[in-house]
Amino acid sequence: MSDFSKDGYLNMELLRFTTAGSVDDGKSTLIGRLLYDSKQIFEDQLEAIEQRSSQRGFEHVDLSLLTDGLKAEREQGITIDVAYRYFATPKRKFIIADTPGHIQYTRNMVTGASTANAALILVDARKGVLEQTIRHSFIASLLQIPHLIICINKMDLVNYEEAAFEKVVDEFKQLSSKLDIKDVSFLPISALLGDNVVDKSKNMSWYNGPTLMYLLEHLHISSDENHIDCRFPVQYVIRPQQTEYHDYRGYAGRVSSGIFKPGDKIKVLPSDEVAIVKTIELFGDEIPEAYSPMSVTITLDRDVDISRGDMIVRENNVPNAMQEFDVMVCWLNTTPLQVGGKYAIRHTTKDARCIIKDIRYKVDINTLHRNEEDKNIGMNDIARISIKTTVPIFFDSYRKNRHTGSIIIIDEATNETIGAGMIV
Amino acid sequence: MILYHLNHLRELEAEAIYIIRETASQFERPAMLFSGGKDSIVMTHLARKAFYPARIPFPLLHIDTGHNFPETIEFRDKMVEEIGANLIVRHVQDSIDSGRAKEEKGPNASRNMLQTITLLDALEELKIDAAMGGARRDEEKARAKERFFSHRDEFGQWDPKNQRPELWMLLNGRKHQGEHFRVFPLSNWTEMDVWMYIAMEKIDIPNIYFTHQREIVKRDGMLLANSEYISIRTTEKVEMMTVRFRTIGDMTCTGAVLSPANSLQQIIEEVAASKTTERGTRSDDKRSETAMEDRKKAGYF
Ligand SMILES: Nc1nc2c(ncn2[C@@H]2O[C@H](COP(=O)(O)OP(=O)(O)O)[C@@H](O)[C@H]2O)c(=O)[nH]1
C-alpha cells in the first residue's frame, strides 16, 4: 500500500492521554477546542451543540458541550464517568480518556490513567495549584503515567502575564519534588480563546515553548514500554482441529515487555521447563521480533505443557514468583476493603484468589500524608496493603512494568471489579 | 528505539486481537455478531488472525431483518464458505410471525428496533454468554463510555451507571447465571481507522461500499435505496443517482451518500474530507438526540 504510506497514514502513532482538572478549570472546553481546531467536529455534531447552546441562552457555541455524555448526566449538567474521545492529526491518532474532576471520582481518573501515555492536568491561572492539582498529580505518578503536561489555563484572565504563569510553575515544582514524575511540561494556554492550544498565542511573546498540539504530536513515547524484561503471558493455546495442522501448538498472547525472537532460549512459568522459540507468527506471517504491545502466536521447538495463565520468559531474566506481596490499591467500590477478606484477583491472564493480610497505611491524597491508623478503606481511597495469594503470581514491580505489575481485585459475590492494585 | 513502536493501525489490531482471544478464553459460549457491514467484516478478519491456523472457535451470528441489500447476503455466504466459519442466522421475520415482535407501520417503518428482540431471543436460545459486536466508541456519544466488556443483566439491559471500571487491559468477564456480556473489540477504532485497515490488509468488502448507480428516494434529508421494503409516498419521486454506502444496515434506514469513489484510496480521501458523522446517514439515530442510548438500555448492540 505504498500510496498510503506516502500520505503518512501508516506512520501514525497512537497516543493515549487522560485529562484532569478541578470543576470549571476548563477541561471540557479544552477538549472541545482540540477536537474543533483539529477539525474533528462534524456538521451534525456542531448543529447539535449549536442548538443546545442557544437553548441554554449562550452567546457562543459552547465547545464543552461536545464532550457531554449520557442522558442522565446531561440532565444533571455534569460528566460522571470515563468517556473516550478520538482525534487524529497526520502525525498521531489520539485517544482521550476524559475523566471528571469531581472530588469523589478518583476511581475514574485511576481508570483513565491506567493506560495513558500522558496526563493533561489543568490549573486555573488565577487560582494556582490547588488540593485537586496535588491529587491529580499524585494519581498520575502512582499510575506511572510517563508524561505529565500541566496546562495553565485561563491566561486571558490574568492579562497573559508571564509572572502569573511562573508562579504556578514554581508552586507545582515544589509539590512535584515529592512525587515520582519522569517528564513534566508546563504550558500557558487559553482553552476558550485557543491560545497555545493548536495555534501559537499572539498574546504571550514571552513564551517560546511548544503549543499543546505540537507537544502531543512530539512527545517521545517509543521508550514508554519496557523493552528489556521479556514477559509473555499465555492467553490462549491454539490447537487446530484440522489434519494438516495435527501437531501444531501455538501459544497466543500479547507481549507485556521485552523483545522476543525466534531462537531465543525461554523458560515457561510455573513449570520451569525450557525450550527454544521456533517461530513467532500472526496469520501465517513470520515475525522477526515481537515486542509490547504486539499480539502474536509463539511456537516452540519441543512439546511443553503450557496453558492459559502461564508465562513465557527468558531463561536468565525471570520475574518474581511470590504469594505474599504488597500492593498500592485504589478502592473502586462503595463496599469497603476488609482485612481478612477473600477476593478474586486477575493478574495478566491469570486468575487467582487472595486474602488481605494487612493495611499498612492509607494515603491522604490531598496532602500525600501516610496515615497508619486509619484502616477504613472505602470508595476512592488509596492505600498500601499486604496480600497473600492462593498460587504464586509472576510479577515485576509496577514501577518496572505496568503490565506485569498490575492486578484487579474482584468481589466474588457480585463479580464487580472493586480494586485496582499496583504491586510495590 | 523508534524501531520498537507499532503504527496506530497495528496497535489497534493488537488490542482487538487481545480482546477477541480474551473473550474466547473467558466465556463458555461466545459468538460474533455479523451484520455484513464493514465493521463486522473487519472484526471477522481479526478473529481469523487471532486463532490462525485454527478456524474461528465460535459461531458468527447474523440477526437478519429480512430487509437486506442482496449484495450483503451474497457477500456473507461467500465469505463464510471461504473461511470455513460457522454461521448462524436468526430472522426478525420469525419473531414477527411468532408474535414476539410487532412490525412498525407507516412509510418510515423499520425493523431496526425489532432486531433487539430477535437478538435477545437468539442469545437465550443458543445460550450465548458473550456477543462480540463491531460497534465503535466514536460512532455516537452514548457509546463513548462503553466498555470493552459490557455487562448486561438477565434481560439483556445495559445500565450505564453499573458498568465495571476497566483498568489496564485486565478484562473482567465474571458473571452470574443468566447474565451475559457484549464485547466490543473495535471500541477504539474510528471510521477512518476501519477504512485504512481495510486498505492495509486488502480485506474484501461488499461492492455497495463503492460508487454505483441506484434508484434513490430522498426522505428527511436522507438518500434511501428504492426497494420492495419501502413504500414511496405520492409526493416523493424515485431518481437514479451515483451513490455509495458508508454503513450497511437495514435497507429501510440506511442512507446512501452521493459519491464517485470507486477505490479504497478515494473512500479514505472522502472520509477525511467528510462533514457529517457516519451515523448521520442512519435514520434510526435521527429519531431523537438520545435514540441510541435508549436502544442500548433496552438491549440493542
Ligand atoms: N476566560 C476563560 N474562560 C474559560 C477558559 N477555559 C474555560 N473557560 C470557561 O470556564 C468555564 C468552565 O469550563 P469547562 O470547560 O466547562 O470546565 P470543566 O468543568 O473543567 O470541564 C466555562 O464557562 C468556560 O467557558 C479560558 O481559557 N479562559
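**Sheet architecture and burial in the predicted model**

Chain B contains eight helices and 10 strands, where helices (H or I, at least four residues) and strands (E, at least two) are DSSP runs numbered from the N terminus. The model is predicted, so that local features need pLDDT of at least 70 and side-chain atom pairs count only at pLDDT 80 or more, while totals for chains, interfaces and linings use all residues. Residues are numbered from 1 along each chain as its sequence is written, chains are lettered from A and ligands numbered from 1 in the order in which they are written, and side-chain values use heavy atoms, without hydrogens and water.

Of the 301 residues in chain B, 66% are buried (under 20% relative accessible area, 1.4 Å probe, protein chains only). The accessible surface of chain B is about 11400 Å², with 50% belonging to carbon and sulfur atoms (Shrake-Rupley method, 1.4 Å probe). Among the contacts in chain B (heavy atoms within 4.5 Å) with a separation of 6 or more, 72% are between residues 24 or more positions apart.

In chain A, six strands form an open sheet of mixed pairing in the order 2-3-1-4-5-6; two strands pair if DSSP finds at least two bridges between them. Strand 2 (83-88) and strand 6 (183-188) of chain A each have a single partner strand and stand at the edges, so one side of each lacks a neighbour in the sheet. The twist averages 25° from one strand to the next (axes are lines fitted to C-alpha atoms, for helices over the stretch in contact; angles run from 0 to 180 degrees between N-to-C directions).

Strand 1 (residues 13-20) and strand 4 (residues 118-124) of chain A pair in the parallel sense over four bridges. A:Thr18 has A:Ala119 in strand 4 of chain A as its bridge partner. Helix 7 (residues 162-176) of chain A packs on the sheet and touches strand 4, strand 5 (147-153) and strand 6 of chain A. The direction of helix 7 makes about 160° with that of strand 6 of chain A.

Terms used. Buried means under 20% relative accessible area, exposed over 50%, partly exposed in between (1.4 Å probe, protein chains only).
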